[in-house]
Amino acid sequence: MDKGIENLISARKLLKASVEKSKSLGLSLEKFGPRLDEINQRLPSLEVAIRPIRAERDALSAVGGHINRAVVPAAAVLKVFDAIHGLEKSLSDPQYDLPGYLGVLKRLEEALRFLGENCGMAIQWLADIVEYLEDHKVADEWFISGLKKALSSLRELEAGEEKGRLDGGLLEIALNRLENEFRRLLTENSVPLPMSSPTLPGEQACIAPSPLPVAVIHKLQAILGRLAANKRLEKCISIYIEVRSSNVRASLQALNLDYLEISVSEFNDVASIEVYIAQWGKHLEFAVKHLFEAEYKLCNDVFERMGLDVWKSCFAKIAAQAGILAFLQFGKTVTESKKDPIKLLKLLDIFASLSKLRLDFNRLFGGAPCAEIQNLTRDLIKRVIEGACEIFWELLVQVELQRHTPPPSDCSIPRVVSFITDYCNKLLGDDYKPILTQVLVIERSWKHEKFQERILINELLNLVKAIELNLETWSKGYEDAVSSYLFLMNNHWHLYKYLKGTKLGGLLGDSWLREHEQYKEYYSTMYLRESWGKLPSLLSREGLILFSGGRATARNLVKQRLKSFNEAFDDMFKKQANWVIADKDLREKTRQAIIQTVVPVYRSYMQNYGPLVEQDQSASKYAKHTAQSLEKTFNSLFHPKPLKHGSFKVRHPSGKFNISTVDQQQTPPTVK
């Protein structure tokens, strides 16, 4: 019985233990239920991942050999890849350690080159594995498709323009920093210096910025070498052109070159922009000899290792963007303006400036990259020569056309006379004769004709002959001889006095000059005799011998003769009040001749016979003048009347230019 109880107790304990284990197991199952659900959800992907393990034993054994062959190059590639990123920490700021930066960059390029060259081998071995897996169905289609897609991306990257840059852009970032340093070096060392415009005689212009320091040039060259090796030369050239052309433009701004943008419609004639044309020549010379010369040398220094075509092309773009084209365009604008004699002189000035810079232009802008500048320069020279010759050969025709215009109403010197005489002397002067001769020689050579200097001389002498014929014709255009005499006196004296001792006067000869001096004397005498010289005869003393009882008769005779004198005097003065003698010496001499002819006679007459009328109630009617008032009146004659200056030409329907008849009323140059 005791034994049965013990068995029962043992069974009870065992049952209780089993119940406890069941409870514990239930709690565990309840606790790990969510994890089992998670495992259950991951089973499909795990199944795919381990599927190759389910392949046949022989297939799995063969895969191992393929994997081993691919691991070696792949591991080498990965090792280099890690080394590349290790270099990133060594890339310092190129501004503070350019040599060190370039050294690290070169190692980076070499590593990437190795990576690019060996990446292909690793890709090929990996491709073999994928092919084997696909052929032996070691993995399912989804897995094989993913591998193929990854290989395709690797092949595109390895074979494309970014070959070797498998680091995600580390080299690109390093090269961008180097470009920024290239720009910084240029910008900080390309500060324009203040300059003054060399427009005043003897004024010394400031020298333009000197070429960059040698140390900076060496740095730029080193940077260019690395960037060019990475196909970034064009970007460097673009940066260089941008910075240096901007620097030249800033340097030129001090010269106030706004006038270069002027258009033909903004001015009436060349004379109105004469000051700009004078500045143009000085500014162009300054820009070429200082600014563009410096840029030419600097381009050679910086890009010399890149080749001749590279640095000359770079310079050509800098010159074009900096302003040389604007200088040439202004010259073209002048050639397109209205024709007139002053334009001939300005065209010769432009030709002289270009001729002076011919060697500089040929050297600086002579290469193929400067073709646009060459073409514009040749076109400008052609326009200048053709325009100057056209005006020069038309001068004689235009002077002859003036013959049909009326003479000046004030009997003064027609503007065409003073202008042409002064103009011819300018053309014969040292400033213009060599230039005009050169222009005419070129023009004749274009026509396959030979030029002789006598052609130029004869043309200018023909202009003087035309002026003489004009004077003769104009003198016949006056209604009375007195006007004609004063007109001829004025103009013959002008030809004598203002051509004597000049280049033109020397060509005409002493006999020609003396002839005009004699003509002046002759017409001066004729003028005085036919005008004021007639007044003394009106104060005749005939019949004025006072007999007893004849005082009344004498008084009446004096009244009549004074009345005639006053009427003649007033008529002459009214007529001649606006007449002009431009030359001061001739004006004074003519006045004195008139005074000596009239005033002494009048004074004597009034002293002897004035009392006869001065006591009369109507005395003021006859004794209107005193000797002093007459002299003062005569001294008021022939003063030049200052008028506004007009244009030298008028426009005809034919397009020809002409010297305006309005300008005949202008005040000739005052000569003391």
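User: Where is aspartate 583 placed?
Analyst: Aspartate 583 is in the loop between helix H21 (551-576) and helix H22 (584-614), where helices (H or I, at least four residues) and strands (E, at least two) are DSSP runs, numbered from the N terminus. This is a predicted model, in which local features need pLDDT of at least 70 and side-chain atom pairs count only at pLDDT 80 or more, while totals for chains, interfaces and linings use all residues. Residues are numbered from 1 along each chain as its sequence is written, and side-chain values use heavy atoms, with hydrogens and water left out.

User: Is aspartate 583 buried or exposed?
Analyst: Aspartate 583 counts as buried because its relative accessibility is 4%; buried means under 20% relative accessible area, exposed over 50%, and partly exposed in between, with a 1.4 Å probe and protein chains only.

User: And which side chain does aspartate 583 join in a polar contact?
Analyst: That of tryptophan 493, through a polar contact of 3.0 Å between the two side chains. A polar contact is a pair of N or O atoms within 3.5 Å; within protein, one must be able to donate a hydrogen and the other to accept it, and residues adjacent in sequence count only if both atoms are side-chain atoms.

User: Switching to another aspartate, where does aspartate 340 lie?
Analyst: Aspartate 340 lies in the loop between H11 and H12, and it is buried, with a relative accessible area of 2%. At the start of H12, one of its side-chain oxygens comes within 2.9 Å of the backbone nitrogen of isoleucine 342, and a polar atom of the aspartate 340 side chain also lies 2.8 Å from the backbone nitrogen of lysine 343.

User: How many residues of H12 are buried, then?
Analyst: Twelve of its 16 residues are buried, so H12 is largely enclosed by the rest of the structure. The buried ones include Pro341, Lys343, Lys346, Phe351 and Ser353. The helix covers residues 341-356 and reaches 23 Å from its first C-alpha to its last, close to the 22 Å expected at 1.5 Å a residue, the expected span being 1.5 Å times one less than the number of residues.

User: What do the buried residues of H16 pack against?
Analyst: They pack against H12, helix H14 (371-401), helix H15 (415-428) and helix H17 (453-475), with contact meaning heavy atoms within 4.5 Å. The buried residues of H16 are Ile435, Leu436, Thr437, Val439, Leu440, Glu443 and Arg444. H16 itself runs over residues 433-446 and reaches 20 Å from first C-alpha to last, close to the 20 Å expected.

User: What comes just after H16?
Analyst: Histidine 448, which takes a positive phi of about 60° although it is not a glycine, and which sits in the loop between H16 and H17. Histidine 448 counts as exposed because its relative accessibility is 75%. Most residues other than glycine have a negative phi. Another residue other than glycine with a positive phi is asparagine 256, near 55°, in the loop between helix H8 (233-253) and H9.

User: Which residues of the largest nonpolar core touch the most other members?
Analyst: Those are Tyr240, Phe292, Trp532 and Phe634, out of 163 residues in that core. Helix H9 (residues 274-303) gives the most to this core, with 13 residues. A nonpolar core is a set of buried Ala, Val, Leu, Ile, Met, Phe, Trp, Tyr and Cys residues joined through side-chain atoms within 4.5 Å.

User: What does phenylalanine 292 touch?
Analyst: Not counting residues up to four places away in sequence, phenylalanine 292 touches Val248, Ala287, Phe315, Ala319, Ala322, Ile324 and Leu364.

User: What about threonine 333, which residues does it touch?
Analyst: With the exclusion of residues up to four places away in sequence, threonine 333 touches Ile262, Ser263, Val264 and Phe267. Threonine 333 lies in helix H11 (residues 324-335) and is buried, with a relative accessible area of 5%. Its C-alpha atom is separated by 6.0 Å from that of valine 264, 69 residues apart along the chain.

User: Cysteines now: how many disulfides are there?
Analyst: The count comes to zero disulfides, a disulfide being a pair of cysteine sulfur atoms within 2.5 Å. Cysteine 299 is in none, and the nearest cysteine sulfur, that of cysteine 314, is 4.1 Å away. Cysteine 299 is buried, with a relative accessible area of 0%.

User: Last one: how many helices and strands does the protein chain have?
Analyst: The secondary structure comes to 24 helices and two strands, and of the 672 residues of the protein chain 44% count as buried.
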